[in-house]
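Dear colleague,

I am handing over the structure we spoke about, and it is placed just below so that you can follow along. My notes on what was found come after it.

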There are 6 protein chains.
Amino acid sequence: MERIDGRGCMDLRPVEIDRGCNRYAEGSALIRWGNTHVLCTASVEEKVPQFLRGTGQGWVSAEYAMLPRSTHQRTQREISRGRPNARGQEIQRLIGRSLRASVDLEALGERTVWIDCDVLQADGGTRTAAITASFVALVDACRWLLDRSVVKGFPVVHQVAAVSAGLVDGEVLLDLCYEEDSAAQVDCNVVMAEDGRFVELQATGEDALFPRQTFDRMLSAAEEGIRRLHRLQLEVLGVASFEELVGR
Amino acid sequence: MERIDGRGCMDLRPVEIDRGCNRYAEGSALIRWGNTHVLCTASVEEKVPQFLRGTGQGWVSAEYAMLPRSTHQRTQREISRGRPNARGQEIQRLIGRSLRASVDLEALGERTVWIDCDVLQADGGTRTAAITASFVALVDACRWLLDRSVVKGFPVVHQVAAVSAGLVDGEVLLDLCYEEDSAAQVDCNVVMAEDGRFVELQATGEDALFPRQTFDRMLSAAEEGIRRLHRLQLEVLGVASFEELVGR
Amino acid sequence: MERIDGRGCMDLRPVEIDRGCNRYAEGSALIRWGNTHVLCTASVEEKVPQFLRGTGQGWVSAEYAMLPRSTHQRTQREISRGRPNARGQEIQRLIGRSLRASVDLEALGERTVWIDCDVLQADGGTRTAAITASFVALVDACRWLLDRSVVKGFPVVHQVAAVSAGLVDGEVLLDLCYEEDSAAQVDCNVVMAEDGRFVELQATGEDALFPRQTFDRMLSAAEEGIRRLHRLQLEVLGVASFEELVGR
Amino acid sequence: MERIDGRGCMDLRPVEIDRGCNRYAEGSALIRWGNTHVLCTASVEEKVPQFLRGTGQGWVSAEYAMLPRSTHQRTQREISRGRPNARGQEIQRLIGRSLRASVDLEALGERTVWIDCDVLQADGGTRTAAITASFVALVDACRWLLDRSVVKGFPVVHQVAAVSAGLVDGEVLLDLCYEEDSAAQVDCNVVMAEDGRFVELQATGEDALFPRQTFDRMLSAAEEGIRRLHRLQLEVLGVASFEELVGR
Amino acid sequence: MERIDGRGCMDLRPVEIDRGCNRYAEGSALIRWGNTHVLCTASVEEKVPQFLRGTGQGWVSAEYAMLPRSTHQRTQREISRGRPNARGQEIQRLIGRSLRASVDLEALGERTVWIDCDVLQADGGTRTAAITASFVALVDACRWLLDRSVVKGFPVVHQVAAVSAGLVDGEVLLDLCYEEDSAAQVDCNVVMAEDGRFVELQATGEDALFPRQTFDRMLSAAEEGIRRLHRLQLEVLGVASFEELVGR
Amino acid sequence: MERIDGRGCMDLRPVEIDRGCNRYAEGSALIRWGNTHVLCTASVEEKVPQFLRGTGQGWVSAEYAMLPRSTHQRTQREISRGRPNARGQEIQRLIGRSLRASVDLEALGERTVWIDCDVLQADGGTRTAAITASFVALVDACRWLLDRSVVKGFPVVHQVAAVSAGLVDGEVLLDLCYEEDSAAQVDCNVVMAEDGRFVELQATGEDALFPRQTFDRMLSAAEEGIRRLHRLQLEVLGVASFEELVGR
């Protein structure tokens, strides 16, 4: 089966990460994953949410938004509608959980790293692109902290990346673009660490129920795709291996 | 291993559903699942969201909220904080997707069924309780429509119920209460239909990564638990089987 | 004259109060007053509003809301409309004033008791039901404070309950249900203490002006009704008299 | 007993109404009642709220707000606080009900008269000042409608005015200023029509319970005060009697 | 060319300033400039915005709003629309900048003077009226501070006033009323100090582009008009000269 | 005098415009002006604001926002603060007015062109960068309309661009970067059309008053700078002259 854009079922779209694209942020990465473009920054703030004050523990908090014309039809800004977008809220909670899993929050110390993910152009897979690029930005923010001796040890303990998979016309496809996503019976998003363990799995079948073996096949496809993204992240970060990255 | 409340690993807490608890709603169900109490109503409105006008297709929309003192510590109302609660938004989107999967939206016709889930008391598993009870309320609202010949055929096509499972101290447990949930390394929520196919799977390991086989064991536990909930739903609805429910 | 539901003019609908219905709240009461059902909780918070800080004086603050399907037609949630409901604001101010009158705020000490009144089902008289049941919840919260020696003396100094009366077709009726309320030319709400003195009187005649003697007759009816509610409250609280309640 | 400002117990503060103070509004009145100054406008809009569309019936809707420095201490604007002021909401509902009682809404026809009451300076009694002046503005807006033959008959059917009374140091006082109001054990607001019948009665005793005879004395004082305000309104409106005002 | 109201091109409308119109504010002024009426108060608050805490420096902050019926057609309140009015925000920023330029913020000390400008009736030129009258209110608030020895020296260092000019039918006109403003091809607002230097210049030509010489002519007209306003301000403030005002 | 970045007083920073950077928008341009980066899109919507319905006339509406980490310190999103940013509102009104001046709104027909300006990185001059790049995006959106024969004639009638100038240490500088802007005694923003006429002039001297001749010198500097920007716009748009652009 040939896909809309000529890819094979297990091909990722071309992915490029422009690291350090923002001159003010402690870490930043602009990811261009096919026609999906997301700008991610990591900002250090010397404060933690109320529930962590005095615990010595840090936090990673994510925000996600789409520019009005990142989509086929212009969408209204959240501030114009007067309320946060529910889908965006759900996505930013996922990004936050995923990146917190990559960091030792005690080693980070009582400070917050804010992850801002702004979608400049959307063509499916914005949440997985955001997670994958934000990890790069987060690493650079942690390096910035280490270089200035703000933290004693490097707080990053896992490498996380994410990809989607879906079932389209009975076929399991890796990395859906928008048009495929719209036609999918089932789709899933997988966040996985460097050791093959998972941070988060989500599968949803609004238009069709799915049996367990379909999910198993989507999951295997995603595992395979994330391994490739892990390699790309290391390359962009200028290291040969996860061990080199975390300095073991 | 004995659990906090003396249950075995694969035991559900006691579940009771008080069907028809609200005298105005077209369908309603108050679920008492251990110490988690959720009041669910299904309300018919002869209108659909903008994007469906003129399509002949209906919609199911869910809203979820917690009463201020449904929790150990009182929480502020959303209207007092001035913004919707992000966790609640995420949950109501899940409830909406799950229940839409149980209905033939064309058979429903151009109208909306509003599902309101209000948590009176929370002790873990509020979202799975909400889905399980809302299905009962939704069936009664659809019967109400059929009895009045507003719809020609019965719009319910699948039976959905949900349960959580988690990994606590290395042990897979079914149906976590709040205290177990707080201690869990991983937890997952599963929504499943009467034929064993899934509507939605979510697993999250904020405090610990989890290997694929752990997820597989949690999923098997959830499957087993949901089958029991399916039987309870049929009993509460006064039918002997799914086939009798949908009139096949 | 026989009323819609067969009652006599001076009859109350059947009232039941399920005390302690919430396992987390310091005090709680679910009142079922005819078809009006209101869940009231009293929550202790060790903080006071800004204007009382450092004064040694406490506060009682009430919030009132209706579940979306507590009414004949589903109503939108306040957070969905984006603004607080003005009628609800007016009612919660009344509940707050009424319950503050029952407490010695200095004996309460610098803390707040939050009264949350959530209407599960509405059939007229929700504000008077909320006041009557909240008093029970408030007493239990004060007992909780006394049992833990957080306060030195029992802070409750008055017993308050409330009822409505109205003029329907020229007849004074006690305790209007929704249908009667809609047909009333005048209606009034009365909050009265155990010694027959008033906390609050409100009478409104939007559809008809009313002479002073009509008001006098409604007031007498309400006095009579509240005395019965005072007896019910004592019974539910397990005491024989107001003096026993406050420990004199 | 001499009062703070030298008045006797049954004296009103000096009241002046500057009718027609706004050049755009269909009716307007600036009331200076002691140091309480309220600007009231009546604006005709050829639209009614949703629930009245197609009924041929009109509506009167009131809004009430205080300028930031109308009070001793500057108060924040509602838009800066991000939410409507609850006390203001309660007051504007009272003003709306009071003025609707003075109009035959069918004779008004399917249009709304908006009553805007903005407090320029507050020294107690702003709600009663607002009602008393808004009646003057409303009459002029109705005359404007009649002069242009928009309505066939004059829609005003009752004359309404309002005053406060209270119990201060055991003494019943008419028309409390801010300082007296702060010291009052009980206070009440009374809205009365030209024929001595009531539109609305409210009495509240947050700091002290009050027996029925206290209320009766406050009510008698208010009746006496409102009769004087009725005469002032007629004078300002340039008519000798209520009958002349409504053209009977 | 004769103008709508019979004025010559370089005539101001009649301007009156009622100083001290509010009994609570530290400074206040009601300006009646033709049919434009703006009530300005200056309120001292012993607090500064976050960014100035601990700097010893004070602040002047302005808020601007229009009463609903200050305009030909009633406009909705900001709180009813749920969001601040953008034009109002722009104007209050201009007023704030203009008045800060008149004060030595260090001499003011770590406190804020709030300037509230509420438009009672609008007929063009509300922002220039607000600036001109607010200066008077601000001076009185500073005198209040000096009289109580809260500040050591008089913090006012410049006298500011403002006027509009515009191009209507090819003619430069000073001080546009609403009708002229609506017909203007270009209009500008000028804020100028006592020494002829400018605080702010704004010219806008939405309906027509304008050459530099047009702007020069409008600016000259405005300079001339502001000089007259400076004289009026001094007169209202009871001093013969700027030097006397600032005590040099 | 040498400037921070080595420029001469009358030098612009390097400016690049990446036209067509967004694949969905009818027109788009990413401007990189020194370290200020703004992404501008022009989106056609077949609707106009209420006040234009039925007039046959179109509208151009602008929105401006900064990404949270476009600035040295991360700033909170507007939706997180719960209210629109006042400075942003002022800027988007300026952008809207400026671009409307470049279009014949009747030739545009009853539709809206939405201009979205999102600042990716800010180093001074974001509003002038936004205007200059939005003009390019707007032209492409108008060409898109013409190519599809949605409009009969090309609606663009003027070419607009903008630049800032300021007074720093007594020297007039063209095109201030952030550091210069912070140090400026006066700064001005100028929007000018291809024929040398102005659309908008703004000069503000919060930290220092400025005499007329200073303004004149800033204005001359800005005129000179804008002429260079006009040439750059034409080049980016692939035409040799303004006449060729508008097809005369």
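How many salt bridges does the structure hold over all chains? In this model, which is predicted, there are 138 of them over all chains, and I describe a few below.

Within chain A, the side chains of A:Asp175 and A:Arg7 meet in a salt bridge, with 3.3 Å from N to O. This pair links distant parts of the chain, 168 residues apart, since A:Asp175 lies in the loop between strand E7 (171-174) and helix H5 (178-183), while A:Arg7 lies in the segment before strand E1 (15-19). A:Asp175 is buried, because its relative accessible area is 1%, and A:Arg7, at 8% relative accessibility, counts as buried too.

In chain E, a salt bridge joins E:Glu46 to E:Arg111, whose closest N and O atoms are 2.8 Å apart. Here E:Glu46 sits in the loop between strand E3 (36-45) and strand E4 (59-66), and E:Arg111 sits 65 residues away, in the loop between helix H3 (105-108) and strand E5 (112-121). E:Arg111 is buried, with a relative accessible area of 10%.

Another salt bridge, between F:Asp216 and E:Arg212 (3.7 Å, N to O), crosses between chains, from helix H6 (residues 212-236) of chain F to helix H6 (residues 212-236) of chain E. F:Asp216 is partly exposed, with a relative accessible area of 24%, whereas E:Arg212 counts as buried at 18%.

Finally, back in chain A, salt bridges that share partners join A:Arg3, A:Asp5, A:Arg7, A:Arg13, A:Asp123, A:Asp175 and A:Glu180 into one network.

Key: Residues are numbered from 1 along each chain as its sequence is written. Chains are lettered from A and ligands numbered from 1 in the order in which they are written. This is a predicted model: local features need pLDDT of at least 70, side-chain atom pairs count only at pLDDT 80 or more; totals for chains, interfaces and linings use all residues. Side-chain values use heavy atoms; hydrogens and water are left out. A salt bridge is a side-chain nitrogen of Lys or Arg within 4 Å of a carboxyl oxygen of Asp or Glu. Helices (H or I, at least four residues) and strands (E, at least two) are DSSP runs, numbered from the N terminus. Buried means under 20% relative accessible area, exposed over 50%, partly exposed in between (1.4 Å probe, protein chains only).
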